[in-house]
Amino acid sequence: MRLPGEEESGGMGPSVIYMVIGVSAFILIILFLVFQNNNRKSSGSEYLKEVQKQQEEEAALELAEASQEEEEEKPKLRAEDLDFWDMYPVEGEEAALEETADGVAEKTGEKSSYKEKAQKEQEEQRRKEEEKQNNPATDGKHTLIMNRNGEEEWVLISPYLTKNTIDFTKIEDKAGLKRYMENGRKTSYVGVDISKHTGKVNFTGIKAAGVDYVMIRLGSRGYSTGQISLDENFKENMEGAIEAELDIGIYFYSQAVSPEEAIQEANFVMQNLEPYRAHVNYPIAFDMEFVSNDKSRIEGLSREDKTNVTATFAEGIKVAGYVPMIYGDKEWLLKEIDLTKLQNYDVWLSQEEDIPDYPYLYTMWQYDTDSVLNGIDGGADLNICFVNYSER
């Protein structure tokens, strides 16, 4: 039951309702605008962050490229530039150690860096190379000779003389006789040199033993008197060699002290060879040497003097139609005469070695002066010849 006037005071009029609706709508609009504004701010912030990130990445890329260019311009780092190599001492360097109070060993020796070590090794290598180059035993430019007084001497090898090219791996020794073999075929010739000191020779016997040729001493000049004489067994040896059909060469022992005496010796050889001229097909050798345990008349000759005497004799032999040859041991050939002035003549080397170390070309080699050979009672002087003079 309502009291009089209650309806008017407790209800809402249309104007109030409209006002509430309007206010609510306004509030909703305000909230919508605020929300939209916040969304735009959030989107703008993300966009700015993306732009900032892209700029930072571009700046980092540019910095990396600049750093790379700078590194490329810098010199390359080498192993020896690293500091940690300093921890290792140079080989052979002893680092002194001292005991500290708490028993810990403390290294006090100086340390060399890797770079210093490398430099020292290079210097040492250079020093060794210099020593090798300056050492006549290893420089390849010298050869060793034994002087007659027993002293060793390194002699410079001349670049102007023809070098020896014999392949000693091709030399075979059969029954004491050396042979040079190529493709299973003997291309050398066995020889023996004989004189009155050899005694009586059985030429048939030495030929059967394998001898191809003989070098017969024709004569000599006295080392003190200067007198020229014919070898006592010359004619007998010549006739025996001819009968055995051996190839024949000649040698003359000289003590000439002048070119005039050398001519005299050459003429003496020619005169005594005349009856046997057709049978001499190997060289005529000039043998000048000192004597043992005594002084010879050539002691006072200079190297030039001995060279002139040798050349004079050799030219006389050559003019007469024979092949001249120079006999000598390594010391004589390298020190006592000048081979650069005697290059037109063949060399007969005397060196009793398995492999001679004479550096220059030679065509005949006397490798034994006291050998056993069938047909010779005493010691035989054995030779090998690398040229077949009988076919020249």
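Guide: Let us begin with Lys306, which at 3% relative accessibility counts as buried; buried means under 20% relative accessible area, exposed over 50%, and partly exposed in between, with a 1.4 Å probe and protein chains only. The model is predicted, so local features need pLDDT of at least 70 and side-chain atom pairs count only at pLDDT 80 or more, whereas totals for chains, interfaces and linings use all residues. Residues are numbered from 1 along each chain as its sequence is written, and side-chain values use heavy atoms, with hydrogens and water left out.

Visitor: In which helix is Lys306 found?

Guide: Helices (H or I, at least four residues) and strands (E, at least two) are DSSP runs, numbered from the N terminus. By that numbering, the run of residues 303-319 that holds Lys306 is helix H7.

Visitor: Which residues does Lys306 touch, not counting residues up to four places away in sequence?

Guide: Contact means heavy atoms within 4.5 Å. With residues up to four places away in sequence not counted, Lys306 touches Met288, Leu301, Trp332, Glu336 and Ile337.

Visitor: The backbone oxygen of which residue lies 3.0 Å from a polar atom of the side chain of Lys306?

Guide: A polar contact is a pair of N or O atoms within 3.5 Å; within protein, one must be able to donate a hydrogen and the other to accept it, and residues adjacent in sequence count only if both atoms are side-chain atoms. Here a polar atom of the Lys306 side chain lies 3.0 Å from the backbone oxygen of Leu301.

Visitor: With which residue does Glu336 form a salt bridge?

Guide: A salt bridge is a side-chain nitrogen of Lys or Arg within 4 Å of a carboxyl oxygen of Asp or Glu. Glu336 lies in helix H8 (residues 330-336) and its partner in helix H7, so the pair ties together parts that are 30 residues apart in sequence. Both partners are buried. With the closest N and O atoms 3.2 Å apart, the partner of Glu336 is Lys306.

Visitor: Why does the pair of Glu299 and Arg148 tie together parts that are apart in sequence, and how many residues apart are they?

Guide: The two side chains meet in a salt bridge of 2.7 Å, N to O. Glu299 is partly exposed at a relative accessible area of 27%, and Arg148 is partly exposed at 49%. Because Glu299 lies in the loop between strand S12 (280-288) and H7, and Arg148 in the loop between strand S3 (142-146) and strand S4 (152-156), the separation in sequence is 151 residues.

Visitor: Does Lys200 count as buried or exposed?

Guide: Lys200 forms a salt bridge with Glu236, the closest N and O atoms being 3.1 Å apart. The pair links distant parts of the chain, with Lys200 in the loop between strand S8 (189-194) and helix H4 (203-208) and Glu236 in helix H5 (residues 234-243). Glu236 counts as partly exposed at 40% relative accessibility. At 60% relative accessibility, Lys200 counts as exposed.

Visitor: How many salt bridges does the count come to?

Guide: Salt bridges that share partners also join Arg221, Glu261, Glu265 and Arg297 into one network. By the rule stated above, the count comes to 13.

Visitor: What is the order of the strands in the open sheet of three strands?

Guide: Two strands pair if DSSP finds at least two bridges between them. S5 and S6 pair in the antiparallel sense over four bridges, while two bridges join S6 (residues 177-182) to S7, also antiparallel. The edge strands, each pairing on one side only, are S5 (171-174) and S7 (185-186). The order is therefore S5-S6-S7.

Visitor: Which residue in the turn of the hairpin has a positive phi?

Guide: S5 and S6 form this hairpin, with two residues between them. Lys174 stands opposite Leu177 in S6. The turn residue with a positive phi, of about 55°, is Ala175.
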